[in-house]
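Welcome! Here is a short briefing on the nonpolar cores and aromatic rings of the structure shown below.

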Amino acid sequence: MLWIMRFSGLFSALLAIIVLSPSLQSFPPAEAIRSSHLDAYLRRAPLFRNAADCAAADADSGVCSPSLVHVAITLDFEYLRGSIAAVHSILQHSSCPESVFFHFLVSETDLESLVRSSFPELKFKVYYFDPEIVRPMISTSVRQALEQPLNYARNYLADMLEPCVRRVIYLDSDLIVVDDIAKLWKTNLGSKTIGAPEYCHANFTKYFTPAFWSDERFSGAFRGRSPCYFNTGVMVMDLERWRSVGYTEVIEKWMEVQKSDRIYELGSLPPFLLVFAGEVAPIEHRWNQHGLGGDNVRGSCRDLHPGPVSLLHWSGSGKPWFRLDSRKPCPLDTLWAPYDLYGHSR
């Protein structure tokens, strides 16, 4: 198992270990993908098998099998390369990869065959998310990418996934997992609906406008809570509890308030903060080393936070595949590269 403990003087040695891992260059081309490069394709990943001590999956139960770990990720052509790398990293580091079931949320067609071409034996299902459900509620953000309707699909997971799926790990498309996903799956949520790494040192007030904080109708939402910032790109979600409370409707109400009163600037994150901040089951920070994509404007290079790492997250405007293709990568982008299944025919 690959472990990345911290970005320090040992970075060079770690990098050598990663670079010397089995090369992806020998895998046959799987299927062409939409790209600015006409000769682009996705390679086929190796097959990943369960360890001997993994629980046997009940084939007849399908997605409802109690032995499955459920992971939800969005898929679109712009971020497809990142999503495929995320899946690859999860499988490579899982002790029971055949017990991971992926739920892909899409607003475009023809993506299922691309996933199947890279992962022929992957357990997954594709769910269509109608962008018109949420488009009227979306307001402008600091970065256009944050305004895409698919960013809001996670609000509807409890409605889209089968009722038998009671828990799911939601992951963004711009990350890699370098630890066994089963550890994150076993997070104890207690009485909480979601679990995520919290960052209570962050300036929480900046996520909302002065108009929000000056109006008790809005700021009063946090009365009786001690809210902390959390990144919604990595969450463990109790869908059963979500459904019973009806949190989708609560989030939609805040989005409607935003359209009329402009209470925040950052896309799909603030409604989650309004509903859940201060009511989040804490997860170790190792499970979301976020911010590696820099800020929402410049996307500058950043280092890892001190401490162990189980997941690296390129949140922000700088994505590793774009920087690698431009031949101007940040040092940590090289850690993403071994999971990249994108290539060019010669």
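In this predicted model, the largest nonpolar core has 50 residues, and Leu157, Ile194, Phe208, Phe230, Met237, Trp242 and Phe276 touch the most other members. The biggest contribution to this core comes from helix 10 (residues 269–276), with six residues. Another core, of 39 residues, lies apart from it and includes Leu42, Ile90, Ile169 and Ala281.

**Aromatic pairs**
- The structure holds 24 aromatic pairs.
- One of them is formed by Trp242 and Phe276, a tilted pair with 5.5 Å from centre to centre and 35° between the planes.
- This pair links distant parts of the chain, with Trp242 in helix 8 (residues 239–245) and Phe276 in helix 10, 34 residues apart.
- Trp242 counts as buried because its relative accessibility is 1%, and Phe276 is buried with a relative accessible area of 2%.
- Trp321 and Trp336 also make a tilted pair, because their ring centres are 5.5 Å apart and their planes lie at 40°.
- Trp321 lies in helix 11 (residues 320–325) and Trp336 in helix 12 (residues 333–336), so this pair ties together parts 15 residues apart in sequence.
- Both Trp321 and Trp336 are buried.

**Phe208 and the ring cluster**
- Ring pairs join Tyr199, Phe204, Tyr207, Phe208, Phe212, Trp213, Phe218, Phe222 and Tyr229 into a cluster.
- Beyond its neighbours within four places in sequence, Phe208 is in contact with Trp213, Phe222, Ile263, Tyr264, Pro270, Leu273 and Leu274.

**Charges over rings**
- Arg81 has its charged end over the ring of Tyr342, 3.9 Å from the ring's centre.
- Arg154 has its charged end over the ring of Phe272, 5.9 Å from the ring's centre.

Methods: Residues numbered from 1 in each chain as written. Predicted model: local features only at pLDDT ≥ 70, side-chain atom pairs only at ≥ 80, totals over all residues. Heavy atoms only, no water. Core = buried A, V, L, I, M, F, W, Y, C linked by side-chain atoms within 4.5 Å. Buried < 20%, exposed > 50% of the residue type's maximum accessible area, 1.4 Å probe, protein only. Helix = DSSP H or I, 4+ residues; strand = E, 2+ residues; numbered from the N terminus. Contact = heavy atoms within 4.5 Å. Phe/Tyr/Trp six-rings, centres within 6.5 Å; stacked < 30°, edge-to-face > 60°. Lys NZ or Arg CZ within 6 Å of the ring centre and 35° of its normal.
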